[in-house]
Amino acid sequence: MGGQGVERREILRYIGIAAVASSFPGFSQWVFACPQDHPQSSSHVAAGSYKPLFFSPQQYQMVEHLAEMIIPEDETPGAKQAGVAEFIDFMVANRVPVSTSRDIRSTDDAIAAGNEAQNRFLAGLDWMNARSHSEFKRDFMDCTPEQQNSLLDELAYKAKFTPTTESGRVFFQMMRDYTVVGYYTTKIGLESLGYPGLRTVWPSMPGCPHPDDPEHAHLRKPASSDSSTKTNRN
């Protein structure tokens, strides 16, 4: 849907954002942050092995599904295979803003933007379910593929915008930004661009520091300064 038409200059900006995020504790534990050459290991986290750090399991499943709708699998792997939902969950849990209207000039500004992203994600997922109930009398994940596509079309394409979908459009844009950043900073995403650095940089990257956990199923939970954030999200 939205991710495939992104211009290369935007992707370079996203790569810069991910490079900054890579300094955060825990980032190097992601499967796509290490050389993807674990013996007998796939290039993405095995289904069901990843434990969300911020989202509830149901919310994480919805984020993963929305990301795959934005960058679906076709002749190249999609967002799900690239582990984009894991990227989004980690970034949101650690309050790393990807898409924000704030003028970030200090650490406090960045943290405030990260807190805002957490709130916007939770409110956006709730909005999607409320819209689904309004249109189809069921949660978004319980809708048919045709119904889900019609809901996202209202948010993705200007010709279908209506005054009642403004909040949803803001959420979709943020979801799209996080998805594109996550996808095009993985080996899968860079390969889809024919990124030349893969021939020189990726093969020489240091080995993964945790070979005993090749699927990275035991990520450390980030410290939270606001313990109420997670308990109030449902």
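The model is predicted. The secondary structure of the chain consists of ten helices and zero strands, and the order along the sequence is α-α-α-α-α-α-α-α-α-α. Of the 234 residues in the chain, 46% are buried. When contacts between residues at least 6 apart in sequence are considered, 71% of them join residues at least 24 apart.

**Helix α4 and its surroundings**

- Helix α4 spans residues 84-93 and is mostly covered, with ten of its ten residues buried.
- The buried residues of α4 are V84, A85, E86, F87, I88, D89, F90, M91, V92 and A93, a list that includes the charged residues E86 and D89.
- R95 follows α4 and has a positive phi, near 55 degrees.

**Packing of α2 against α4**

- Two packed helices are described by the angle between their axes and the distance between the axes.
- Helix α2 (residues 57-70) packs against helix α4 at an angle of about 125 degrees, and the two axes are 8 Å apart.
- An angle of 65 to 115 degrees would count as roughly perpendicular; α2 and α4, at about 125 degrees, are therefore oblique to each other.
- The crossing of these two helices, α2 and α4, is right-handed.
- On the α2 side the contact involves Y60, V63, E64 and A67, which meet V84, A85, E86, I88 and D89 of α4.

- The axes of α2 and α7 cross at roughly 80 degrees and come within 10 Å, which makes α2 roughly perpendicular to α7.
- V63, L66, A67 and I70 of α2 meet F171, F172, M175, R176 and T179 of α7.
- Helices α4 and α7 pack with their axes 9 Å apart, at an angle of about 115 degrees, and α4 is thus roughly perpendicular to α7.
- The crossing of α4 and α7 is right-handed.
- From α4, the residues V84, F87, I88, M91 and V92 take part in this contact, and from α7 the residues M175, Y178, T179, V181, G182 and Y183.

**Aromatic pairs and cluster**

- A pair of aromatic rings is described by the distance of the centres and the angle of the planes.
- The structure holds five aromatic pairs.
- In one of them, the ring centres of F121 and Y178 are 5.2 Å apart and the planes stand at 80 degrees, so the pair is edge-to-face.
- This pair links distant parts of the chain, because F121 belongs to helix α5 (residues 107-136) and Y178 to helix α7 (residues 166-184), 57 residues apart.
- F121 is buried, with a relative accessible area of 0%, and Y178 is buried with a relative accessible area of 0%.
- Y183 and Y184 form an edge-to-face aromatic pair, with 5.0 Å from centre to centre and 90 degrees between the planes; both residues are buried.
- One aromatic cluster is formed by F54, F55, F121, F171 and Y178.

- L125 lies in helix α5 and counts as buried, at 2% relative accessibility.
- Apart from residues up to four places away in sequence, L125 touches F55, Q59, M62, V63, L66 and F171.
- Among these contacts of L125, F55 and F171 are members of the aromatic cluster.
- The C-alpha atoms of L125 and G168 are separated by 9.0 Å, although the two residues are 43 residues apart along the chain.

- E154 is found in helix α6 (residues 145-156).
- Buried means under 20% relative accessible area; at 18% relative accessibility, E154 therefore counts as buried.
- Neighbours within four places in sequence aside, E154 is in contact with R131, K160, F161, T165 and R169.
- Two of these contacts of E154, F161 and R169, also interact with each other: the charged end of R169 sits over the ring of F161, 4.3 Å from its centre.

Definitions and conventions. Residues are numbered from 1 along each chain as its sequence is written. This is a predicted model: local features need pLDDT of at least 70, side-chain atom pairs count only at pLDDT 80 or more; totals for chains, interfaces and linings use all residues. Side-chain values use heavy atoms; hydrogens and water are left out. Rings of Phe, Tyr and Trp (its six-membered ring) pair if their centres lie within 6.5 Å; planes under 30 degrees apart count as stacked, over 60 as edge-to-face and the rest as tilted. Helices (H or I, at least four residues) and strands (E, at least two) are DSSP runs, numbered from the N terminus. Buried means under 20% relative accessible area, exposed over 50%, partly exposed in between (1.4 Å probe, protein chains only). A charge sits over a ring if NZ of Lys or CZ of Arg is within 6 Å of the ring centre and within 35 degrees of the ring normal. Contact means heavy atoms within 4.5 Å. Axes are lines fitted to C-alpha atoms, for helices over the stretch in contact, and angles run from 0 to 180 degrees between N-to-C directions. Angles under 35 degrees count as roughly parallel, over 145 as roughly antiparallel, 65 to 115 as roughly perpendicular and the rest as oblique. A crossing is left-handed if the near helix is turned anticlockwise from the far one by less than a right angle, and right-handed if clockwise.
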